[in-house]
There are 2 protein chains.
Amino acid sequence: MTADPLQIALVGFGTVGSGVARILTDQAASIARRAGRQVQIRRVVVRDTARARDYMPAGVEVTDDIQSVIDDDQISLVVQLIGGLSPAREYMTRFLDAGRDVVTANKALIYECGRELFEQAARQGRTIGFEAAVAGGIPVIAAVTQSLTGNQVQSIEAILNGTSNFILTQMLNHGQSYEDVLKEAQALGYAEADPAMDVDGTDAAQKLSILTQLAYSTRVTLQSIVQQGIDGLELLDLQVAQELGYKIKLLATSRLNGDGLEVSVQPTLIPRHRTLAQIDGADNIVSILGDAVGRTTYSGAGAGQLPTASAVVADIVDFATGRTAVTFPSIVDASQQTGIAIQPKEALQRRFYLRFHVEDRPHVLADIADILGRHGISILSVRQDARRDGHDYARLVIMTHQTTEGCLADADVELARLECIKGTSIRLPVAE
Amino acid sequence: MTADPLQIALVGFGTVGSGVARILTDQAASIARRAGRQVQIRRVVVRDTARARDYMPAGVEVTDDIQSVIDDDQISLVVQLIGGLSPAREYMTRFLDAGRDVVTANKALIYECGRELFEQAARQGRTIGFEAAVAGGIPVIAAVTQSLTGNQVQSIEAILNGTSNFILTQMLNHGQSYEDVLKEAQALGYAEADPAMDVDGTDAAQKLSILTQLAYSTRVTLQSIVQQGIDGLELLDLQVAQELGYKIKLLATSRLNGDGLEVSVQPTLIPRHRTLAQIDGADNIVSILGDAVGRTTYSGAGAGQLPTASAVVADIVDFATGRTAVTFPSIVDASQQTGIAIQPKEALQRRFYLRFHVEDRPHVLADIADILGRHGISILSVRQDARRDGHDYARLVIMTHQTTEGCLADADVELARLECIKGTSIRLPVAE
């Protein structure tokens with residue numbers, strides 16, 4: 001080991017940042033072997049320099065001044081571990097401008113500004129590592145950009161939001177309502193105080209967008225993704241699905257078909273025997289179908305201090321060895337292909353689960369079936385349970401044959417006019 | 001795309017070789033994007049040049065002469081896809097000597113000669129890509145050598161032999177004997193005419209050895225691996241295990257404990273809820289527990305033409321980009337660490353499933369329990385079913401508490417002397 005140490009700066013020393021510092025200390029010897037050189041934290045940038053922090057290595061310069069990193073010629077890699085877009089975007093631009101390579105775990109930043117930041121980095125001969133931005137410690141960026149490179153990816157199916165998966169698992173396993181589980185999850189720190197981005201599907205959609213752009217070399221914005229959160233689900237939906245042989249998961253899907261790429265994030269009924277249905281708690285899973293390799297599946301912790309830090313450290317080592325320098329340009333090249341068109345939302349074709357609360361009186365089923373039939377939606381099975389004591393309405397579940405989002409949206413307009421349907425109805429796609 | 005094309009030679013054009021040629025043709029454009037240059041097959045070496053072959057690209061020089069590859073300065077990478085040790089070892093040595101980099105899918109060669117070939121390559125500044133040698137298209141070599149580099153690996157649990165897993169799945173699902181399923185599998189091409197290396201655990205042990213050496217930077221020979229095949233299993237073992245809440249899989253395990261590394265390939269009872277238990281058919285799975293990332297799991301096709309070719313193509317692209325040149329030296333460096341000691345076989349500590357065929361007469365259970373007790377083996381549960389009509393003997397299944405291979409081996413000597421035990425008994429470890 002004769003090479004000079006790699007000197008890095010950590011910008012942000014929160015949960016993930018301190019996890020990175022801990023791993024770099026605990027695994028220093030094996031990381032040096034893999035990296036071909038020592039990795040040393042030279043500066044840490046935090047907002048409050050007075051606060052004591054766990055795992056802060058001795059002798060590190062702790063500062064609240066970004067400029068001191070830019071001015072320090074000894075630092076070649078900046079590990080930027082702050083969330084949100086501002087000031088993360090400005091910081092990264094400044095680091096790249098100053099000739100530094102960057103590693104980040106900021107998924108929102110990569111989703112929103114990835115294209116411009118990648119191009120800036122490429123122009124300046126710099127690199128950005130972002131393995132930790134999607135699915136935490138599971139190496140899916142490496143899989144899509146390197147290991148599966150001999151494949152035309154046919155589909156990606158993934159559970160990418162741990163909070164949603166945790167909530168759905170708890171609801172089903174403990175027979176609790178969405179609201180009760182969410183409160184518990186917030187108290188335990190499994191869910192944010194404001195969980196909107198997790199439970200409405202935005203977080204998963206941003207991650208799916210990043211994966212899909214890498215896998216298909218085409219641009220995917222949130223506006224082109226069919227997005228539905230778990231916040232409208234009732235416990236009974238999970239229970240009925242289970243009785244029908246399915247589990248409901250917030251499934252992120254990209255799938256190539258004759259008309260382009262269908263991209264969606266929706267609570268989805270997944271046949272119970274599939275591995276995807278068996279991922280419980282806060283874990284993530286990514287299942288990729290390639291035309292050569294067939295289906296490969298990757299699972300593990302998609303968030304959390306050390307799992308995320310594990311991916312950040314892999315990016316640091318990739319930079320140290322020079323791997324990033326050869327990988328990153330091909331990622332930028334591939335992302336500039338225009339490639340495959342995203343299918344219009346209304347054209348997405350699936351089977352559906354429809355659940356209504358209906359008045360318990362004659363001709364209700366006939367009214368609903370009539371509307372569906374006139375929109376070309378064919379019914380596979382119907383299940384109406386007896387109205388339970390204390391409930392004003394009966395529950396009606398209809399499973400459809402293949403149809404489109406568009407047909408259902410049209411039917412919804414008419415269904416909304418039916419007085420026999422009460423409260424919120426729900427429709428969920430069914431995975432094969 | 002201004003770089004010169006990468007010119008390669010394929011040595012061997014069997015199942016995997018023709019798969020590689022097919023992918024390089026079908027995915028030429030996207031591979032060129034990822035590789036930063038075109039990839040062209042310039043020469044193919046086969047034994048019988050007269051035979052017509054599918055997917056042979058037009059204009060390729062087909063020859064039976066290895067020397068013509070060595071003499072061709074335009075070829076920088078040799079993709080060597082022949083099985084066995086001879087002449088594969090000699091060929092690879094000659095290619096490395098001649099200054100060529102090599103990609104191979106030959107697991108036996110990497111197991112037997114990996115150390116010497118890696119060192120030769122390193123001395124000559126060349127590289128060897130071998131992602132396809134373990135678990136086919138599942139990128140586990142990349143995971144262990146790159147993505148999980150910030151982790152001390154705690155354990156690897158894997159199903160690495162597709163033939164064995166296919167046989168066990170068919171036995172249980174169709175209620176067939178080992179012998180009947182094996183014959184069918186051979187007829188269908190799922191098992192070799194001589195399946196010994198698959199069903200006796202050698203193939204899985206070689207793959208586990210390669211993975212373990214990479215993950216723990218220590219030397220692991222087959223002699224130090226507890227190895228047991230599936231050939232002694234009876235259908236009833238699979239059925240009883242299922243009734244007890246387990247599936248039996250040929251499980252390859254490396255696990256760090258206080259006394260070193262325990263390494264084994266054995267048919268193992270795996271709790272039904274674990275993902276490992278749910279991998280059926282010819283698929284492979286690798287589940288790695290890291291101290292930072294927690295458990296990450298990788299699954300897919302572990303063999304077959306296109307899955308294996310997919311991994312070979314990933315190695316070709318890694319070479320083309322220059323990634324291999326930076327990754328390979330760190331693999332060689334890491335493998336030269338002496339590291340962690342392999343635990344003696346007799347010290348391996350697990351719970352066990354013991355199955356006996358016994359005479360249906362008094363004091364049989366007492367005799368067996370006495371021997372186990374005197375060797376310090378504590379019984380967790382016993383199950384003796386009524387002797388079935390037409391059978392001379394009753395079936396006795398004992399589940400033990402934690403004990404060691406050594407204690408059980410000592411007890412076996414005494415159990416073998418008991419006249420009440422008939423035929424072949426079996427003992428299998430139980431995974432947590």
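Two strands are taken to pair if DSSP finds at least two bridges between them. In this predicted model, that criterion bears on the boundary between the two chains, where β12(A) is joined to strand β12 (residues 294-301) of chain B by three bridges, the two strands running antiparallel. Within this arrangement, A:S299 stands opposite B:T297 in β12(B).

**Contact between chains A and B**
- On the chain A side, 49 residues are in contact with 49 residues of chain B.
- The elements that contribute two or more residues to the side of chain A that touches chain B are α2 (28-35), α6 (140-147), β12 (294-301), α12 (305-321) and α13 (323-335), each of them belonging to chain A.
- Among these elements, α12(A) gives the most to the side of chain A that touches chain B, with nine residues.

**The six-stranded sheet of chain A**
- Chain A holds an open sheet of six strands in the order β3-β2-β1-β4-β5-β6, with parallel pairing.
- The edges of this sheet are formed by β3 (61-63) and β6 (128-129) of chain A, each of which has a single partner strand, so one side of each is left without a neighbour in the sheet.
- Strand β1 (residues 6-11) and strand β4 (residues 77-80), both of chain A, pair in the parallel sense over four bridges, and in β4(A) it is A:L77 that stands opposite A:I8.
- In general, strands of a sheet pair through backbone hydrogen bonds, in either a parallel or an antiparallel sense.

Definitions and conventions:
Residues numbered from 1 in each chain as written. Chains lettered and ligands numbered in written order. Predicted model: local features only at pLDDT ≥ 70, side-chain atom pairs only at ≥ 80, totals over all residues. Contact = placed C-beta atoms within 7 Å.
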